[in-house]
Amino acid sequence: MTVKKFNLPDVGEGLTEAEVVAWKVKPGDTVAINDVLCEIETAKSLVELPSPFAGTVTELLVEEGITVEVGTAIIAVSDNQPGDASPASQAPTAAPAVEAPLYGKLPVDTDSGENGPAGGPLVGSGPKADAVKRRARKRPTGAAVEAVTVAESAEGTVQDHQAVLAAQAAQTPGPHRPTPARAAVAPVTQTPVTETPVTQTPEATAPGVSAPQSAASRGAAISGTISGLVNKVLAKPPVRKFARDLGIDLADVVATGQRGEVTREDLVSYQAQRDAELDQAESFWGASKKPQDQRIERVPVKGVRKATAKAMVESAFTAPHVSIFVDVDASRTMEFVKRLKVSRDFEGIKVSPLLILAKAVIWAAARNPSVNATWVDNADGNGGAEIQIKHFMNLGIAAATPRGLMVPNIKDAQDLSLKELALALNDLATKARAGKTQPAEMQGGSLTITNVGALGIDTGTPIINPGEVAIIAFGTIKQKPWVLDGEVIPRWITTLGGSFDHRVVDGDLSARFMADVAAILEEPALLLD
């Protein structure tokens, strides 16, 4: 019997250490080549290690939670001899043992594109963390058509208090409903939906409906339909019942099902997190009479947090940052997002204003190439620096995960159609939340977007991701008074913040780039140029 030891590999580029987070096998288990042995946390992300050997696990050489250097033996595996009783040894043909791990060929993540909401704040999931919403295959008629319109309008609205009131009113007995629910039924125009008295809104009737109903009868007919359509979260009946028993709103739960549906496991995870947060909040200060120096919690800095801290310090004190801001009327972007949500081509795909911003950044970078560049010191080996302008866009999306900030990027984003970009954003978000982002997906970034609006923040002054020269902060989108053609009207307004490396990007260039991004958000039709 031959015992082979598996040394911790470098799963990234130049990584020197990693923490063994969880073992997936134990001594005595039979493993095949590429079976997952354990999860490790590197300075980049959480990675699953496949087995390079086929045989029986004889010993785990490193305990969970221990950080070891690359090259350290972490597990011992013995070959199964012909006389062994293990199933693997009884197989007619045994797979040949592989002496070296398949670096760079880790198991491919099979998760489908993200169709679910942003659970923990994904800084790049859109201004509001909505649950998955799918358009009904067979649209109802008559009063139900209006209810569907209300529900779809509620989907596309960021921090839309009117839609919230409509949803609450739909579950209140009685024929009368607040006017915001009726206002949301108005046809999509170039101006945002506003509160309009019922008598001032044209009645939109479906084919087969003879005459407009009275306000009382319309309210009674719509109330039952809205309650089932305003929150169109995919979930099986047993899961819905389980959520009701736990008192959980399905719209608040991160959906991880393959079709974007909420699963029972999602509910259990959400409940555990909610209980933990409640327990921590209630016991955080405590009633201890211990001295203050004994009431200090010490959290080791390691893994992703350690790498992020190092990178941010180097960026902040190496690249001279300059930041500028611009307020943008994003009302037409909101209209466009609504239309995409009800489009057959985008059915089942999560669409948010972030998608339009991503397209805007790609479009604006082509017009201002120096923002899509890298500053390289000592490029010639004699102390000379150079600016490397990239003729490709690896678009980074900053993602807040339980393990810290990650910035995975979408490779060659400039070549993707709007639908392909939406799918790529969904896939990126799903992997980041699940901790399955691979190191290669965070390397070679060109320019980064950080969506602080997902947390309700207006804007910020982000720090440039190392290796890049620009980063855009996308603030929340909400209704504000706006002067348009000499009149003050409510519009959907957001604030963009941009930070730039002043060694590469001068003030006028940064201003032109931000103005171009703002122009697309104000009029998405410019993307057709």
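Predicted model: local features only at pLDDT ≥ 70, side-chain atom pairs only at ≥ 80, totals over all residues.
Helix 11, which covers residues 418-434, consists of 17 residues and extends 25 Å from its first C-alpha to its last, a span close to the 24 Å expected at 1.5 Å a residue. Of these 17 residues, 12 are buried, so the helix is largely enclosed by the rest of the structure. The buried positions include the leucines Leu418, Leu421, Leu425 and Leu428, and among them are also the alanines Ala422, Ala424, Ala429 and Ala432. Asn426, Thr430, Lys431 and Arg433 likewise belong to the buried residues of this helix. After helix 11 comes glycine 435, which has a positive phi, near 70°.

Side chains of opposite charge can pair when their charged atoms come close. In the whole structure, a search finds 11 salt bridges.

Helix 11, which covers residues 418-434, consists of 17 residues and extends 25 Å from its first C-alpha to its last, a span close to the 24 Å expected at 1.5 Å a residue. Of these 17 residues, 12 are buried, so the helix is largely enclosed by the rest of the structure. The buried positions include the leucines Leu418, Leu421, Leu425 and Leu428, and among them are also the alanines Ala422, Ala424, Ala429 and Ala432. Asn426, Thr430, Lys431 and Arg433 likewise belong to the buried residues of this helix. After helix 11 comes glycine 435, which has a positive phi, near 70°.

Side chains of opposite charge can pair when their charged atoms come close. In the whole structure, a search finds 11 salt bridges. One of these is formed by the side chains of glutamate 441 and lysine 431, with an N to O distance of 3.1 Å. The pair links distant parts of the chain, as lysine 431 lies in helix 11 and glutamate 441 in the loop between helix 11 and strand 16 (447-450), 10 residues apart. Lysine 431 has a relative accessibility of 12% and therefore counts as buried, whereas glutamate 441 is partly exposed, with a relative accessible area of 23%. Both residues also take part in a network of salt bridges that links Asp427, Lys431 and Glu441.

A further salt bridge joins the side chains of arginine 332 and glutamate 523 at 2.3 Å, N to O. Here too the pair links distant parts of the chain, with arginine 332 in helix 9 and glutamate 523 in the segment after helix 12 (507-522), 191 residues apart. Arginine 332 is partly exposed, with a relative accessible area of 28%, and glutamate 523 is likewise partly exposed, with a value of 25%. The side chains of arginine 503 and aspartate 501 meet in another salt bridge, at 2.8 Å from N to O. Within this pair, aspartate 501 counts as buried at 1% relative accessibility, while arginine 503 is partly exposed, with a relative accessible area of 27%.

The largest nonpolar core contains 51 residues, and those with the most contacts inside it are Leu355, Leu357, Val361, Val371, Leu395 and Phe513. At least two residues of this core are supplied by each of helix 9, helix 10, strand 12, helix 11, strand 16, strand 17 (470-474), strand 19 (487-501) and helix 12. Helix 10 gives the most, with 11 residues. When residues up to four places away in sequence are not counted, leucine 395 touches Ala358, Val361, Ile362, Pro408, Asn409, Ile410, Ala413, Leu447 and Ile449. A second, separate core has 21 residues, including Ala18, Leu37, Ile40 and Val47.

Strand 4, residues 36-41, pairs with strand 5 in the antiparallel sense over five bridges, and glutamate 39 has glutamate 48 in strand 5 as its bridge partner.

Another open sheet is formed by four strands in the order 1-8-6-3, and its pairing is antiparallel. Its edges are strand 1 (3-7) and strand 3 (30-31), each of which has a single partner strand, so one side of each is left without a neighbour in the sheet. Strand 3 and strand 6, the latter comprising residues 55-60, run antiparallel and are joined by two bridges. The bridge partner of valine 31 in strand 6 is glycine 55.

Conventions: Residues numbered from 1 in each chain as written. Heavy atoms only, no water. Expected span 1.5 Å × (residues − 1). Buried < 20%, exposed > 50% of the residue type's maximum accessible area, 1.4 Å probe, protein only. Salt bridge = Lys/Arg side-chain N within 4 Å of Asp/Glu carboxyl O. Core = buried A, V, L, I, M, F, W, Y, C linked by side-chain atoms within 4.5 Å. Contact = heavy atoms within 4.5 Å. Pairing = 2+ DSSP bridges.
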